Amino acid sequence: MDAIVCEEVRKRFGEVEALRGVSHTVPKGEIHVLLGPNGSGKSTLMKIAAGVLYPDGGRVLVYGKEPYRDFSVKGMIGYAPQEYTLYEMLTGLENYMFYAGLEGVSKREALEQYGRLRETLELGEWFEKRKVKTYSGGMARKASIAVALASDPEVLILDEPTTGLDPDARRKLWDALLKLKREKTLIVATHIFEDAEVLADKVVIMHRGEIKAVGEVDELKRKAEYSFAVDLELMEEPGGEVEQLIHSSSEIVVRTGFTYRLYTNDPSLMPELKEKLAELGVRLLKLELRHISLADVYFMVTGVRLE
Ligand code: ADP
Ligand code: MG
């Protein structure tokens with residue numbers, strides 16, 4: 001049985017259609033990364049999958065049951081919301097034991113599970129001794145994830161777990177999540193491309209309440225409309241002739257100030273453009289051809305730049 005099945009899920013908040021019929025399946029043991037900017041509907045979908053919000057239409061099944069209706073499945077789901085929900089005046093461990101109790105986990109089971117999590121999540125002395133209010137962003141995230149894992153759930157739903165972490169803390173969290181993957185099914189929401197590159201078995205590209213594309217990172221790149229990007233930066237305001245040359249070189253040209261990005265399937269675009277720009281006497285700060293990144297795929301699929 002698939003761990004999570006979303007069928008035509010809809011949710012509206014007043015005028016805002018947060019989810020416009022989202023269908024997606026997460027097989028057991030995979031990590032799927034919901035990738036999209038603020039407002040794309042990631043948190044709404046996760047809340048429904050975690051059973052804290054009802055959909056207006058469609059349904060989400062976790063191991064065959066709708067978590068917002070059938071609380072018996074809630075013990076199989078661990079959910080770490082985007083906003084911290086820990087008690088600041090308690091230690092991480094006190095929070096953990098408190099939430100475990102709410103979930104009906106016995107003290108003995110909770111402590112056994114804690115023994116395992118201490119290793120996987122590298123919960124140091126800080127988790128047991130220090131109050132949450134003294135934690136760094138990385139510590140607070142790990143503590144929330146530990147709390148979500150107290151009942152040893154099958155499915156782990158993490159809403160923006162890496163937001164606000166420094167690169168080192170982010171890398172450590174990636175390691176922990178990849179370790180968890182062996183036993184759990186994970187959905188992770190993020191707007192950070194690197195998270196998706198590192199973690200995802202499948203990337204789910206979301207935009208304005210819809211899923212725009214799903215696939216492995218390499219697969220998404222392979223299937224993208226264009227394979228190469230040319231990054232171009234000029235030293236000065238281009239004249240009309242230069243503008244025209246750049247815009248006629250590719251069907252998709254994105255301009256920000258004096259920098260341009262062109263998409264193409266023809267790598268010879270770069271040397272050709274270089275020669276023509278030189279003929280026009282244009283001074284360049286940068287002219288680079290590269291394979292497209294996940295950020296480029298996101299842009300091609302949604303028309304939105306998320307870098
Ligand atoms: P994301 O997590 O991708 O940033 P959200 O699911 O939080 O997206 O939000 C999707 C859309 O729904 C946004 O436009 C947001 O403002 C709106 N929204 C989400 N929750 C609520 C709510 N409780 N009340 C009103 N609007 C909401
Ligand atoms: Mg969100």
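## Report on strand pairing, helices and the magnesium site

Strand S6 (residues 155–159) and strand S7 pair in the parallel sense, and five bridges connect them. Within this pairing, isoleucine 157 stands opposite isoleucine 187 of S7. The model described here is predicted.

**Strand S7 and its neighbours**

S7 spans residues 185–190 and is mostly covered, since six of its six residues are buried. Thr185, Ile187 and Ala189 point one way from the strand, whereas Leu186, Val188 and Thr190 point the other way, and all are buried. Strand S3 (residues 31–35) also runs parallel to S7, to which five bridges join it. Leucine 35 has threonine 190 as its bridge partner in S7.

Helix H6 (residues 167–181) takes part with S6 and S7 in a β-α-β unit, which is right-handed. Leucine 178 belongs to helix H6. With a relative accessible area of 31%, leucine 178 is partly exposed. Apart from its neighbours within four places in sequence, leucine 178 is in contact with Ile31, Val198 and Leu199. Leucine 178 and leucine 165 are separated by 13 residues in sequence and by 17 Å in space, C-alpha to C-alpha.

The magnesium ion (ligand 2) has Ser43 (OG) and Gln82 (OE1) as its protein donors, at 2.1 to 2.2 Å. Serine 43 is buried, with a relative accessible area of 18%. Glutamine 82, in contrast, is partly exposed, at 27% relative accessible area.

Helix H1 is mostly covered, with eight of its nine residues buried. These buried residues are Lys42, Ser43, Thr44, Leu45, Met46, Ile48, Ala49 and Ala50. Glycine 51 follows H1 and has a positive phi, near 85°.

**Helix H11**

Helix H11 (residues 294–302) is largely enclosed by the rest of the structure, because eight of its nine residues are buried. The buried positions are Leu294, Ala295, Asp296, Val297, Tyr298, Phe299, Met300 and Thr302. An α-helix has 3.6 residues a turn, so residues three or four places apart point the same way. At the start of H11, serine 293 places a side-chain oxygen within 3.2 Å of the backbone nitrogen of alanine 295. Just after H11 comes glycine 303, with a positive phi of about 80°.

Aspartate 231 is located in strand S10 (residues 228–234). Its relative accessibility is 10%, so aspartate 231 counts as buried. The side chain of aspartate 231 makes a polar contact of 2.7 Å with the side chain of arginine 290. Beyond its neighbours within four places in sequence, aspartate 231 is in contact with Tyr260, Arg261, Lys286, Leu287, Glu288 and Arg290.

Glutamate 272 is found in helix H10 (residues 269–279). This glutamate 272 is partly exposed, with a relative accessible area of 41%. Glutamate 272 and serine 249 lie 23 residues apart in sequence, and their C-alpha atoms are 9.4 Å apart in space.

The relative accessible areas of the individual residues discussed above are collected here.

| Residue | Relative accessible area | Class |
|---|---|---|
| Aspartate 231 | 10% | buried |
| Serine 43 | 18% | buried |
| Glutamine 82 | 27% | partly exposed |
| Leucine 178 | 31% | partly exposed |
| Glutamate 272 | 41% | partly exposed |

**The chain as a whole**

Eleven helices and 13 strands are present in the chain. Its C-alpha atoms fill a box of roughly 75 × 45 × 35 Å, taken along the principal axes. The chain has 307 residues, of which 51% count as buried. Of the contacts between residues at least 6 apart in sequence, 67% join residues at least 24 apart.

Terms used
Residues numbered from 1 in each chain as written. Chains lettered and ligands numbered in written order. Predicted model: local features only at pLDDT ≥ 70, side-chain atom pairs only at ≥ 80, totals over all residues. Heavy atoms only, no water. Buried < 20%, exposed > 50% of the residue type's maximum accessible area, 1.4 Å probe, protein only. Helix = DSSP H or I, 4+ residues; strand = E, 2+ residues; numbered from the N terminus. Polar contact = N/O pair within 3.5 Å; in protein donor to acceptor, adjacent residues only side chain to side chain. Donors = N, O, S within 2.8 Å, 3.2 Å for Na, K, Ca; no water. Pairing = 2+ DSSP bridges. Right-handed = clockwise from strand over helix to strand, strands pointing away. Contact = heavy atoms within 4.5 Å.
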